[in-house]
Amino acid sequence: MPTAKPSFREIVDDIAAKINSGELVPGEKLPSTSELADAYDVSTGTVYRALSLLHDRNLIIGQQGRGTYVADHSTG
């Protein structure tokens, strides 16, 4: 039986775990939407949905025309 493609929630969980573990650090640029879609073997719509949820959780920030980055939560 073929393996199911990851849902947007699995992408969210994976990226959030990488942020929380320090594998992805504040200010680090995430791959493009199309690169993430290829990596997870999903549509770009699924990636957009996952990124939207990560943004709502304040884990990432988008910069128009520049990309998506890991949010900086330092309280300095």
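Analyst: Helices and strands are DSSP runs, numbered from the N terminus: a helix is a run of H or I with at least four residues, and a strand is a run of E with at least two. The model is predicted, so local features need pLDDT of at least 70 and side-chain atom pairs count only at pLDDT 80 or more, while totals for chains, interfaces and linings use all residues. Residues are numbered from 1 along each chain as its sequence is written, and side-chain values use heavy atoms, with hydrogens and water left out. As a case of a strand, β2 covers residues 67-70 and contains Tyr 69.

User: How many helices and strands does the protein chain have, and what pattern does it follow along the sequence?

Analyst: The protein chain has 3 helices and 2 strands. Along the sequence, their pattern is α-α-α-β-β.

User: How does one read burial, and is Tyr 69 buried or exposed?

Analyst: Buried means under 20% relative accessible area, exposed means over 50%, and partly exposed lies in between, using a 1.4 Å probe and protein chains only. With a relative accessible area of 15%, Tyr 69 is buried. In the protein chain of 76 residues, 30% are buried.

User: Which residues does Tyr 69 touch, leaving out those up to four places away in sequence?

Analyst: A contact means heavy atoms within 4.5 Å. On that basis, Tyr 69 touches Gly 27, Glu 28, Lys 29, Leu 30, Leu 59, Ile 60, Ile 61 and Gln 63. For the protein chain, 56% of the contacts between residues at least 6 apart in sequence join residues at least 24 apart.

User: What is a nonpolar core, and which residues have the most contacts inside the largest one?

Analyst: A nonpolar core is a set of buried Ala, Val, Leu, Ile, Met, Phe, Trp, Tyr and Cys residues joined through side-chain atoms within 4.5 Å. The largest one in this model has 19 residues, and Ile 15, Ile 19, Leu 51 and Leu 54 have the most contacts inside it. At least two residues of this core come from each of α1 (8-21), α2 (33-40) and α3 (44-56). The greatest contribution is that of α1, with 6 residues. Beyond its neighbours within four places in sequence, Ile 19 is in contact with Leu 24, Leu 59, Ile 60 and Val 70.

User: How should I read the packing of two helices, and at what angle do α1 and α3 pack?

Analyst: Axes are lines fitted to C-alpha atoms, for helices over the stretch in contact, and angles run from 0 to 180 degrees between N-to-C directions. Angles under 35 degrees count as roughly parallel, over 145 as roughly antiparallel, 65 to 115 as roughly perpendicular, and the rest as oblique. The angle between α1 and α3 is about 50°, with their axes 8 Å apart. These two helices are therefore oblique to each other. Their contact is made by Phe 8, Arg 9, Ile 11, Val 12, Ile 15 and Ala 16 of α1, together with Thr 46, Arg 49, Ala 50, Leu 53 and Leu 54 of α3.

User: How do α2 and α3 cross?

Analyst: Their axes come within 8 Å and cross at roughly 110°. This makes α2 roughly perpendicular to α3. On the α2 side the contact is made by Thr 33, Ser 34, Leu 36 and Ala 37, and on the α3 side by Thr 44, Val 47, Tyr 48 and Leu 51.

User: Where does Asp 41 lie, and what is its phi?

Analyst: Asp 41 lies in the loop between α2 and α3. Although Asp 41 is not a glycine, its phi is positive, at about 55°. Asp 41 counts as partly exposed, at 47% relative accessibility.
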